[in-house]
Amino acid sequence: LAVNVATYVGAEVGGLFGAICATFGVVFPAFAIILIVAKCYEAFKASKIVKGCMSGLKPAVVGLIGTAVVSIGRTVFTSSSIVVMAIIFALSLYLALKKKSPILIICIAASLGIVAGYLIS
């Protein structure tokens, strides 16, 4: 949400350059912190404290992802959208088993999803 709002406000205030700067301003601090943590993790990954923290974080991350799925799923998944998703999944699986290009499969699935989104809503 923060990235979308920053991009929108930046575009309204400063055009394309404003959108790029605002998005960069929101994303960069978190990116820099993650880089620093990743670099430090290599030095401390053998520590019992760090191992304990990581094993405690795993279920929390799974819970957060699960909560997001349920929250979004309540608004997104309807009976008609489930049918469309099943059809797109079946077609994607068929194309994957026929060894078609993954890029082709992604493009077809995206196109079908966009068309279905316009037809259903």
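Select glutamate 42 to begin: its relative accessible area is 52% and glutamate 42 is exposed. Here exposed means over 50% relative accessible area, buried under 20%, and partly exposed in between (1.4 Å probe, protein chains only). The model is predicted, with residues numbered from 1 along each chain as its sequence is written, with local features needing pLDDT of at least 70 and side-chain atom pairs counted only at pLDDT 80 or more, while totals for chains, interfaces and linings use all residues. Side-chain values rest on heavy atoms, without hydrogens or water.

**Stop 1: the salt bridge**

The term requires a side-chain nitrogen of Lys or Arg within 4 Å of a carboxyl oxygen of Asp or Glu. Side chains of opposite charge can pair when their charged atoms come close. How many salt bridges does a search of the whole structure find? The search finds one. Lysine 45 counts as partly exposed, at 38% relative accessibility.

**Stop 2: the cysteines**

How many disulfides does the structure hold? It holds zero. A disulfide needs a pair of cysteine sulfur atoms within 2.5 Å. The sulfur of cysteine 40 has its closest cysteine sulfur in cysteine 53, 14 Å away, so the gap is too far for a bond. Seen from the other end, cysteine 53 is in no disulfide, and its nearest cysteine sulfur is that of cysteine 40. Check the surface at both sites. Cysteine 40 is partly exposed at 38% relative accessibility. Cysteine 53 is partly exposed too, at 45%.

**Stop 3: the aromatic pair**

Go to helix 1, residues 2-44. Helices (H or I, at least four residues) and strands (E, at least two) are DSSP runs, numbered from the N terminus. Show the aromatic side chains. A search of the whole structure finds one aromatic pair. Phenylalanine 24 and phenylalanine 28 form this pair, which is stacked, with 5.1 Å centre to centre and 25 degrees between the planes. Rings of Phe, Tyr and Trp (its six-membered ring) pair if their centres lie within 6.5 Å; planes under 30 degrees apart are stacked, over 60 edge-to-face, and the rest tilted.

Where do the two partners lie? Both are in helix 1, four residues apart, or about one turn of the helix. Phenylalanine 24 is exposed, at 52% relative accessible area. Phenylalanine 28 is partly exposed, at 41%.

**Stop 4**

Pick out valine 27, which is in helix 1. Valine 27 is partly exposed, with a relative accessible area of 38%.

**Stop 5: isoleucine 36**

Stay in helix 1 and select isoleucine 36. Isoleucine 36 is exposed, at 54% relative accessibility.

**Stop 6: glycine 63**

Move to helix 2, residues 48-76, where glycine 63 lies. Glycine 63 is partly exposed, at 34% relative accessibility.

**Stop 7**

Select serine 92, in helix 3 (residues 79-97). Is serine 92 buried or exposed? It is buried, with a relative accessible area of 18%. Leaving aside neighbours within four places in sequence, serine 92 is in contact with Ile105 and Ala109. Contact means heavy atoms within 4.5 Å.

Next, select leucine 91, also placed in helix 3. Leucine 91 is partly exposed, at 32% relative accessible area. Beyond its neighbours within four places in sequence, leucine 91 is in contact with Ile108 and Leu112. The C-alpha atoms of leucine 91 and alanine 109 are separated by 8.2 Å, across 18 residues of chain.

**Stop 7: the loop**

End at lysine 99, in the loop between helix 3 and helix 4 (102-120). Look at the backbone: lysine 99 has a positive phi of about 60 degrees although it is not a glycine. Lysine 99 is exposed, at 74% relative accessible area.
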